[in-house]
Amino acid sequence: MGFGEEWLVFPSRYTGHFILSFAAIVTGLLVSVPLGILASRSERLAGPALAFASIVQTIPGLALLALMVPLLGGRIGFWPAYLALALYSVLPILRNTIVGLGSVDKDVREAARGIGMTDTQRLVQVDLPLAAPIIVAGLRTASVWVVGAATLSTPVGAESLGNYIFQGLQTRDWGAVLFGCLISAALAIALDQVIRLFERAAAIQSPRLVAAGLAGLALIASPMLTTFGGSQPSAATDLELIGETVPLQGREVTLGTKSFTEQYILADVMGYALEAGGARVNVREGLGSTVAFDALTRGEIDAYVDYTGTIWATVMEREDIPPRAAIFAQTSSYLLREHGVLVLGRLGFENAYGIAVTRETAERLDLLSVSDLAGRELTIASDPEFFGRNEWVRARDAYGLGNLRTRGMDSAFMYDALQNGEVDVITAYTTDGRIDAYDLVLLDDPAGALPPYDAFILLSPDAAEDRALQRALEPLIASISAQMMRAANGRVDIERDSVQDAADWLWDEIASRRSEPIGNAFEER
Amino acid sequence: MPALLSARKLTKRFGDVVAVNDISFELEPGETLALIGASGCGKTTTLKLLNRLIEPDTGEILLAGKRASDVSAPDWRRRIGYVIQSAGLFPHWTVERNVGATAELLGWETARIRDKVTALLDMVGLPADTYAARFPSELSGGQKQRVGLARALAAEPELVLMDEPFSAVDALTKEGLIRDVLRLRDKLGFAAVMVTHDIAEAFEVADKIAVMDAGGIVQIGPAETLIKSPAGDTVEALLDAPRRTAQRVTAAFSEGSG
């Protein structure tokens, strides 16, 4: 992503991040302080409340966010992220409220009762003001945690500064990663200072400091109002090239992407097609693999690209591998029947797992097929998801790969790890531009252990009824070859072009090849 | 004249321990009673029963004819001044707000509170000009105790309860404090119940003294009565130690001057 574009999407990401964090912190405060007050009066409540909050705290942030999705019945976006972050903010505030109230001098409490304060008066006039510095310290801890953890809300579909980090990680755009980190750190520090200012204002009852605090808060919130010059450039001018105009005027369409380069590019291309029909397009970026599917069935996104093999294995939980065409036919009918999800069609390429080695390794060990790895003591790397899948178990058993040491890592790092010799074998994605660029050798799979992964466009139950939307996307069907996709991915992953540039290139490529369809893309391997 | 304060057959248990065992006494307006005895004799519990920081298991308390059980505990406490050993000032409030706290709870007008606070601070030797805006952390121990005393008196109570009010300060400060309390009492005419473990203090301040042991009152009466006809070993022992101290001190003084 180029720096100009980073600024272009900055207001909405910053807004998402700020609102999410702010709402979570305020909720944490509103829940924890009353709970802390109750708990400080009852040992029976204090123990369990603190234990619960501590347990929540030990759940890694990303896992807590992910858990909220099924807990909310598959809902993605703001609510699961908000709920997880609010829960996250409870412990420091709750603990400090209990500690703070407990630290009030017992003679002072006795005096307060002795002179005739009611319990409420004592709480409001004596206990809380005296506990305030400790409670505020907890609030400040919570706010720093929450602003940091909010960057993890991208995979559950809430837009935040984390989008820079997740997308940057996948497209190896370290500038974007750093940008996301720096801005969220700056936000955390600024919020911390504003809270400090308010605390000070309350302690010395200074209206001027309150005003300063409000001004600080307004300053932090101000980037939300900023728009950095115009709307996103669209490729709508190309619409004549792709055929008929479709009446999607004024319609809002939401697309989803999983978290890797190809998905980002395809979402942009789908966006161009929809914008050409007049729609306004939102993209929920970087969704977890199953999160994207759940979001589609709930209609929270209208369309996204998935892969036949993924649906086959993880949604239908099938273990057998019929031929490529059969998997496509069966997944399509299954999705419509069971989930009301319409398969618009295949894009034309397959993004399968391919067992890959460097040319040097292939020649040194005389490797041609996966079966040549049998019994060897090499290290194989893949995304963590793969080693949990049935197809790995099947490939391992079919080819006798039991001696391979497995290492899960983010797919962004896999190819370099192979180049460096840190690992010997990887499960490359067959559309990854780095296969060609790094001159990797894909080993044959004579036993057909690895299932086919045809990319196809899935439509939500609502979109399944929407002819106009379908017609806008139909020109993309059977229009992208594996070679085209690999080239587009390579532009981002190797040449460090922006996702948008790659999408523009692919969009032009699709349009120029319109007259000569990609032909025999779907034949059996 | 009817009694200002009547304590009737008060009993309080904490689990198996009888902290206060069936005690009764009366206090006339303007009169000062000292509750004295060893640690754990029940004197502090008795004081807390009087302003209902602790409610009795049985028995009743009347203040100016009004039954304690007929009003809420906070309302009851606002009518009674309360002084504790460590002063217990609110650290986040100025001296002025501390002193006016009870009056504020009673809903007095701001101007009236201010006048009262100013007058009282003058009376306890802490001129409002200098001290009203200070925070408790800026005061010495004796000054805190004086502010605590002023706070107890600000709402013009007829009864003031004092829990070892002189034991947290040095001897000289204590002398001055005792003088202040006596002066204020003469001027304002409040009755007082004071808990102490120091019989000399009780002799100086109290009109009558109640000697307590194991939750009960062993003997109650003016100092002369206790000295003339002590009712048993507890009272004897209580009088004996200070008497011996006094003899030693007297001997030392006469040696020094002779």
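In this predicted model, strand E6 (residues 80-83) of chain B has buried residues on both of its faces: Ile80(B) and Tyr82(B) point one way, while Gly81(B) and Val83(B) point the other way. E6(B) pairs with strand E7 (residues 159-163) of chain B in the parallel sense, over four bridges. Within this pairing, Val83(B) has Met162(B) in E7(B) as its bridge partner.

Chain B also holds an open sheet of four strands in the order E2-E1-E4-E5, with antiparallel pairing. Strand E2 (17-27) and strand E5 (66-67) of chain B are at the edges with a single partner strand each, so one side of each has no neighbour in the sheet. Helix H1 (residues 43-50) of chain B packs on this sheet and touches E1, E2 and E4 of chain B. The direction of H1(B) makes about 60° with that of E2(B). Between strand E1 (residues 5-14) and strand E4 (residues 58-63) of chain B there are five bridges, in the antiparallel sense. Ser6(B) has Leu62(B) in E4(B) as its bridge partner.

Chain A has 22 helices and 10 strands. Its C-alpha trace spans about 90 × 55 × 45 Å along the principal axes, and 49% of its 525 residues count as buried. Of the contacts in chain A with a separation of 6 or more, 80% are between residues 24 or more positions apart.

Strand E1 (residues 252-258) and strand E2 (residues 280-287) of chain A pair in the parallel sense over six bridges. Thr254(A) stands opposite Asn282(A) in E2(A). The chain passes from E1(A) through H12(A) to E2(A), a β-α-β crossover that is right-handed. E2(A) is largely enclosed by the rest of the structure, because six of its eight residues are buried.

| Strand pair | Sense | Bridges |
|---|---|---|
| E6(B) and E7(B) | parallel | four bridges |
| E1(B) and E4(B) | antiparallel | five bridges |
| E1(A) and E2(A) | parallel | six bridges |

Helix H13 (residues 289-297) of chain A has a run of buried residues: Val291(A), Ala292(A), Phe293(A), Asp294(A), Ala295(A) and Leu296(A). The elements that cover them include strands E1, E2, E3 (303-307) and E10 (454-459) of chain A, along with helices H4 (61-71) and H14 (308-315) of chain A. Just after H13(A), Gly299(A) has a positive phi of about 80°.

The two chains touch each other, with 13 residues of chain A in contact with 16 residues of chain B. On the chain A side, helix H6 (106-114) and helix H7 (119-149) are the elements that give two or more residues. H6(A) gives the most, with six residues. The side of chain A that touches chain B is made up of seven nonpolar, three polar and three charged residues.

Terms used. Residues numbered from 1 in each chain as written. Chains lettered and ligands numbered in written order. Predicted model: local features only at pLDDT ≥ 70, side-chain atom pairs only at ≥ 80, totals over all residues. Contact = placed C-beta atoms within 7 Å. Nonpolar A, V, L, I, M, F, W, Y, C, P; charged D, E, K, R; others polar. Buried ≥ 20, exposed ≤ 12 C-beta atoms within 10 Å, placed from the backbone. Pairing = 2+ DSSP bridges. Right-handed = clockwise from strand over helix to strand, strands pointing away. Axes fitted to C-alpha atoms, helices over the stretch in contact; angles between N-to-C directions.
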